[in-house]
There are 2 protein chains.
Amino acid sequence: MFSKIRELLIGKTLKTEELAGEKLNVFWGLPILSSDAVSSVAYAGEEILYVLIGVLGLLAYKYMFYAALCVVILLIILVLSYRQTIDSYPCGGGSYIVAKDNLGVIPGLTAGASLTVDYVLTVAVSISAGTAAITSAMPSLLNHKVAIALIMLLLLTIGNLRGVKESSKLFGVPTYLFIVSCVVLILTGIIRHFIFGYSPVPMYQIPKQIGDITLFLFLRAFASGCTALSGVEAVSNGIPNFKEPSQKNAKAVLALLACLVLFIFGGLSFLATIYHPLPDMNVTVFAQIAQQVFGKGIMFYIIQITTAFVLVMAANTAYAGLPLLLSLMGQDGYVPRQFSQRGKRLSFSNGIILLAVAAGLLIIVFKGDTHLLLPLYAVGVFLSFTLSQVGMFLRWERSRTTGWKHKAFINGLGAIVTFITVILIGITKFSKGAWLVFIIIPLLVYFMVKIKNHYNHVVEQIKLSNYQRPNVGMKTNNDQHVIILLGTLNKSFLKSLNCANSLSQNVVAFHVSIDPEVTEKLKRKWKEYNPGIPLIIEHSAYRDVLGPLIDFIESEDRASKHGETVTVVLSQFVITKWWHNMLHNQTGYFIKSMLYKNRNVAVLTVPYIIKE
Amino acid sequence: MFSKIRELLIGKTLKTEELAGEKLNVFWGLPILSSDAVSSVAYAGEEILYVLIGVLGLLAYKYMFYAALCVVILLIILVLSYRQTIDSYPCGGGSYIVAKDNLGVIPGLTAGASLTVDYVLTVAVSISAGTAAITSAMPSLLNHKVAIALIMLLLLTIGNLRGVKESSKLFGVPTYLFIVSCVVLILTGIIRHFIFGYSPVPMYQIPKQIGDITLFLFLRAFASGCTALSGVEAVSNGIPNFKEPSQKNAKAVLALLACLVLFIFGGLSFLATIYHPLPDMNVTVFAQIAQQVFGKGIMFYIIQITTAFVLVMAANTAYAGLPLLLSLMGQDGYVPRQFSQRGKRLSFSNGIILLAVAAGLLIIVFKGDTHLLLPLYAVGVFLSFTLSQVGMFLRWERSRTTGWKHKAFINGLGAIVTFITVILIGITKFSKGAWLVFIIIPLLVYFMVKIKNHYNHVVEQIKLSNYQRPNVGMKTNNDQHVIILLGTLNKSFLKSLNCANSLSQNVVAFHVSIDPEVTEKLKRKWKEYNPGIPLIIEHSAYRDVLGPLIDFIESEDRASKHGETVTVVLSQFVITKWWHNMLHNQTGYFIKSMLYKNRNVAVLTVPYIIKE
């Protein structure tokens, strides 16, 4: 039943050999990996304006444009730096790998933890912004923001569980539609104003200027705009997702991404200086511009719909990135190894599910409000950028291959710029929520180290040397302690007894007495049947089978030779109809799970099949 | 952790021997068992009026009083009948037992199913009505009805899980307070009107009379009032809960209960004829009367609070009744046997939890609205009354002890009256929701029969005759098939191998290859180490361990002698810190639970303790 529903939702299980077919070319790689950066125009501009407008009034639009230009310049520096990373790390050069490789474990884990936090935030922010695009077009849905966001999250998760390639085709189309819509919007906006002389009336009253621009204010605005840049990491981390030649493809996608963001983010910021949208209304800034350029007609709705879609696709970037990152860290043993296993559809399903749950919680806690979520965002991504660039710088410095100085300069510049940015973001947003990130990242690093220690510990303890030989033949354990749990004297018990007898010549039956009447009856039957092994009866005042059993085992354990395993034999009914399980006491399951806890007790479960 | 929270909520685990101390005397038995009947004045009168007022206008109050009198007369007949039941069934004479005893299994199960449905409804209705009492006093809470109801349900459930006696003392006080408040209300209302000549102004405009009284209308009103009578069953079903002499105590409680209902229900219906409350407002009819008699002062709030409490106590009657009923049916094998086991605090905790969950669902689905819930109510209880009375009638008829004619007459009268009532309720409420009950009761009976069949079936199959003897000694199973699952060649595997070798001389290691690299490494290590048993490697295209293992087992199974058990040996890490479990693949657990499904496979789990 459950597996049928799963098949319907995520498709048929794929063979491991089908993995190669699931990879991306440039045409499909671009939308799936650029949507994060491209879509950020839907909120990054608004965040810049949100910081400036209260103080600067009309003047805010000018400085918004400047701040946006700074963000774009930062993007170009990053792209140049990351092209070098892609060249050096053909198997995926995320910050985690680069930092671990060149700076050591703790910087690597810091980068990994930062990215983890930011991927989760990418999903929460993008989906919340996507919901805002929908409610801008349909204000009647304003009360159902969280529900809409969670539904989108669910659909996205299912799409990703289906696998990389299918989801990219499924998800790539709307990104292209959005890009085209934006280009049309920018061109129409500019042409209407400059050629046809249309001078728009602002939709809302712009507040009066109450102060002048200060460096801090401008830097706050810039820091808010930096939320646009998390997508870069995804490209270089995702090299293994590309078709061969994967490095060349990844670099092409990165370059195209930069051009797109340059044109769309720059163009829209320029439009804002003409059309004067006002942030923090129920209608997004982006929607206000679209409404003024096109009127509230079909084009307005197309813009809103494609915006919503592309924001969901941006969340999808994180779905491509985080599971891959976790699988790398899982292989190294810093996160549970289950994250390295591919699911039924060859996607890293555990990572996908973790991402969905974490983002869903953020959406619920922050009620899907982007203004509340954004201050937490971008700290992590710029921290990981910095670590990655410093790592690349040291790499060139150490290798001294031809042209290393030029390359070291580019990565060094990247390192300095991103380091300044992380300081800026940290300071300007600390009190608005970024402090939380500064707590979570060290905590994650701490746990990653603990996990690695545990794995090392286990490997050490179970390592087998050739001097330790198995016991051969059956005679060695003739006298090991075997306890067979007795409820009722029936065929199922007889079968268990036969198994127990074949294990050892030291078998005892153990009965826990809860109801004296039942026990008396059992004693009589036992005497009559006489199975040839001792019967031990313990009274349980608290109607609990497990306690007396464990007491007994521990006494046996002490009695037995040091370190020897005690075996408990349990009978289990095997029933054809699932609901019949509800009719039988599941004490057996419970006993088993408790016996495993820190005890040297082997459990033999003997099935008895009840036919229908 | 979990067990500490449980201890805090429901108290320390009690010994079975402490059971005797948990029983009720008359003084505490009265409130815990009468609250259902007594509290129904809070809604039964309103329901009668609700039916009449739209048609009869002012005249409705007169006929409401008559309908209430009919309900009280019915109650007296029931009490007389049930006194005889209590005499005949010292160990608890619920309808289930009486009907099963005298009429056969199916009537017994019908009574049992009817009562189950009605106990659940008692809880849902009473708690909803309790919420209405609170919101009548504090209209600002009207929007949080469902949440308030669920919180009350939760508290009640915890109280009951703590055990019978403690909950009765905890819960008995408010019932007495309510009774006193009602007496004061009735006396004050009568004295103010008749002695001080206070003539009240109705709080709301009474609708005009648009029709005349008809028999059907009156019967509908009477049927609505019958919801008050479910508590009677609880007393005779709950005899084992009483202190010795339990029958005498139960009869005393039943008589006192009748007097209380007679006085309070009668008195309040009489007050309604003077004070003219209007049903279906945000303020309950009962609250309107209290407000007019006392004004909106301290006494009004006391009435509302005690009403809310006593309604919760009425729900508590069902908590005393249903778990006991289910434990009886569980002993007979008609419901899962787990309902017959006493929990940590000697209460039948499974029944309590089932009741809480079912009632909670009803409250959520019907949004805590008593007008929606009440039409479903009372069908079941009168059906069970009828079956019980018919059973008693036949019992006298068959026994013909001294005075049997007189006794048979009383029970016969009860049978006729309750049968007529069940027909009335069924007809007048069918379209308003009672149809649902007519579907659910037969369904429950069907499942009960199925469950009993299953238990019989199992007993038949596992019954052991003295001719079937256990195998003695260890030599018999030397060649049984033992499969040891191999992941990595380590100390944990070595330990499992030693166990497997002690089981049989026919041990094979089985490895499922997911990653070819890992498998190659394993092969090399195996060759080097040479453990002396064959290694079988299966490739799994779908990265799934279970499928190939089951295929292999089934091939082994076919190969082995018919019916012989194949044993699978699994290694399991035993880890001291619970969170470390998340770091290891739980494939073992999964494999175990799947292997048990309909296969003749014994599973031996060998622990390997990882020290910290």
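In this predicted model, strand E2 (residues 507–513) of chain B lines up in parallel with strand E3 (residues 535–539) of chain B, and five bridges hold the pairing. One spot to look at along this pair is B:Val512, which sits across from B:Glu538 in E3(B). Getting from one strand to the other involves a helix: E2(B), helix H20 (residues 516–529) of chain B and E3(B) together form a β-α-β unit, and that unit is right-handed.

Strand E1 (residues 482–485) of chain B runs parallel to E2(B), with four bridges between them. Here B:Ile483 faces B:Val508 of E2(B). Once again a helix comes into the picture, as E1(B), helix H19 (residues 491–503) of chain B and E2(B) build a right-handed β-α-β unit.

E1(B), for its part, also pairs with strand E4 (residues 566–575) of chain B, in the parallel sense and over three bridges. Within that pairing, B:Ile484 has B:Val569 of E4(B) as its bridge partner.

Turning to chain A, the overall tally is 22 helices and five strands. Chain A has 612 residues, and 50% of them count as buried.

How values were computed
Residues are numbered from 1 along each chain as its sequence is written. Chains are lettered from A and ligands numbered from 1 in the order in which they are written. This is a predicted model: local features need pLDDT of at least 70, side-chain atom pairs count only at pLDDT 80 or more; totals for chains, interfaces and linings use all residues. Helices (H or I, at least four residues) and strands (E, at least two) are DSSP runs, numbered from the N terminus. A residue is buried if 20 or more other C-beta atoms lie within 10 Å of its own, exposed if 12 or fewer, and partly exposed in between; C-beta atoms are placed from the backbone. Two strands pair if DSSP finds at least two bridges between them. A crossover is right-handed if, with the strands pointing away from the viewer, the path from the first strand over the helix to the second runs clockwise.
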